[in-house]
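Look at the chain below. We will walk through a few of its features in turn.

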Amino acid sequence: MEVEVLSLDDFVFEGKHHPPDFIKVDVEGAEGKVLGGARRVLETYRPVLLIDLHNPEQDVAAGTTLMHLGYKTHRTTDDTIITNMSAGWPQADGIWGQIVAMHHSDSRWE
């Protein structure tokens, strides 16, 4: 089956749709690709993200992207602030599991 896909950047900037202020990502191992296709939206509008991470490779891909874009993250299971965005599972301080990401300028981090 073929499925047409469109990046979030294209949807917002080319399709002239309103940008989201919240994004849920649960894509079974393609988290890095989703964030890559939303990079301009993330840089420009800084939406809050809820991301389910599914493997160590994608943990690192998502963490690296979010870190470069100025996002801070915490795990939803225990509200742990993630301090090592460059490491995934099984690093205790790494990015893995279900996370919430907000831009460091978001006043809700205060």
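**From the surface to the core**

V5 sits in the segment before α1 (8–14); helices (H or I, at least four residues) and strands (E, at least two) are DSSP runs, numbered from the N terminus. The model is predicted, so local features need pLDDT of at least 70 and side-chain atom pairs pLDDT 80 or more, while totals for chains, interfaces and linings use all residues. Residues are numbered from 1 along each chain as its sequence is written, and side-chain values use heavy atoms, without hydrogens and water.

V5 is exposed, at 71% relative accessible area. Exposed means over 50%, buried under 20%, and partly exposed in between (1.4 Å probe, protein chains only).

Turn to Q58, in helix α4. Q58 counts as buried because its relative accessibility is 10%. Its side chain makes polar contacts (N or O atoms within 3.5 Å; within protein, one must be able to donate a hydrogen and the other to accept it, and residues adjacent in sequence count only if both atoms are side-chain atoms). The backbone nitrogen of G32 is 2.6 Å from a polar atom of that side chain. The backbone nitrogen of E31 is reached at 3.3 Å.

Now the largest nonpolar core: 17 residues. Such a core is a set of buried Ala, Val, Leu, Ile, Met, Phe, Trp, Tyr and Cys residues joined through side-chain atoms within 4.5 Å. L42, L49, I51, L66 and I99 have the most contacts inside it. Two or more residues each come from β1 (22–25), β2 (48–52), α4 (56–68) and β4 (98–103). In soluble globular proteins, nonpolar side chains tend to be buried together.
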